[in-house]
Amino acid sequence: MVLGKVKSFAISYDCPNENNIPVFASGDSVSGRVIIEVTGEIRVRSLKIHARGHAKVRWTESRNAGSNTAYTQNYTEEVEYFNHKDLLIGHERDDDNSEEDLTTIHSGRHEYPFSFELPQTPLATSFEGKYGSVRYWVKAELHRPWMLVMKMKKEFTVFEHIDINTPLLLSPQAGTKEKTLCCWFCSSGPISLSAKIERKGYTPGKNLEGCIVLYLLYWK
């Protein structure tokens, strides 16, 4: 991003793993730097960060109300996991164009560290899907008088560890589904499909063992 004397404006995370990938879990400390490189002296009112984690889901269902009347029902929901704000330079003011109490950034590369703690309560693992997502990010904003606000957002990944050796995940799971098929004036007896697995929770590489039973009854 280039705007005036600001050559680059970026966010970099201090990665806690050897793969240099920003992956965190609940209770972890997320730290990093906002990097600003300028080609000449600039005056700054404030440099802010806003860290947030939230889930969002949206889908649409079409329904028939009878008498050739149809309508569409939209469903949406959002959940916020955490919301953190911090001020790295300057202070909060209502007037973005005020010339008072400005901070001068000289030509060159400058790094401004930040850190915050993720909640201790379990967080949802990062996810991207057709109907929803779970996202975590840090957004930086550079405010200067009489200039557009510069914004930069960078996501990070949350991977929540789950103990599968709990009673709930160790318990067997089973289900049954029945259906009757029709063909003109004939119909079948109930067709029943049952499935059972030994436990609810598995880890990658573990064999999933279970059984499936299918009952087909006569036509009448």
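Predicted model: local features only at pLDDT ≥ 70, side-chain atom pairs only at ≥ 80, totals over all residues.

Visitor: With which side chain does Asp14 meet in a salt bridge?

Guide: Side chains of opposite charge can pair when their charged atoms come close. Here the partner of Asp14 is Arg33, with an N to O distance of 3.4 Å. Asp14 lies in the loop between strand 1 and strand 2 (23-24), and Arg33 lies in strand 3, so the pair ties together parts that are 19 residues apart in sequence. Arg33 is partly exposed, with a relative accessible area of 24%.

Visitor: How many salt bridges does the structure hold?

Guide: The structure holds seven salt bridges. One of them joins the side chains of Glu37 and Lys7 at 4.0 Å, N to O. Glu37 belongs to strand 3 and Lys7 to strand 1, so this pair ties together parts that are 30 residues apart in sequence. Glu37 is partly exposed at 26% relative accessible area, and Lys7 is partly exposed at 47%.

Visitor: Which residue forms a salt bridge with Lys139, and how far apart are the closest N and O atoms?

Guide: The partner of Lys139 is Glu141, and the closest N and O atoms are 3.9 Å apart. Glu141 is buried, with a relative accessible area of 16%, whereas Lys139 is partly exposed at 24%. Elsewhere, salt bridges that share partners join Asp14, Arg33, Arg109 and Glu111 into one network.

Visitor: Which residues of the largest nonpolar core touch the most other members?

Guide: In soluble globular proteins, nonpolar side chains tend to be buried together. In this model the largest nonpolar core has 31 residues, of which Phe9, Ile36, Phe116, Leu118, Val138 and Phe156 touch the most other members. Among the strands that each supply at least two residues of this core are strand 1, strand 3 and strand 8. Strand 10 gives the most, with five residues. Leaving aside neighbours within four places in sequence, the contacts of Leu118 include Phe24, Val30, Phe82 and Phe156.

Visitor: Where is Gly53 placed, and is Gly53 buried or exposed?

Guide: Gly53 is in strand 5 (residues 46-66). Gly53 is buried because its relative accessible area is 0%, and the limit for a buried residue is under 20%. Not counting residues up to four places away in sequence, Gly53 touches Val79, Glu80, Tyr81, Phe82, Arg135 and Tyr136. The C-alpha atoms of Gly53 and Phe82 are separated by 5.4 Å, although the two are 29 residues apart along the chain.

Visitor: What does the chain as a whole contain?

Guide: The chain has one helix and 16 strands. Buried residues make up 29% of its 220 residues.

Technical notes. Residues numbered from 1 in each chain as written. Heavy atoms only, no water. Helix = DSSP H or I, 4+ residues; strand = E, 2+ residues; numbered from the N terminus. Buried < 20%, exposed > 50% of the residue type's maximum accessible area, 1.4 Å probe, protein only. Contact = heavy atoms within 4.5 Å. Core = buried A, V, L, I, M, F, W, Y, C linked by side-chain atoms within 4.5 Å.
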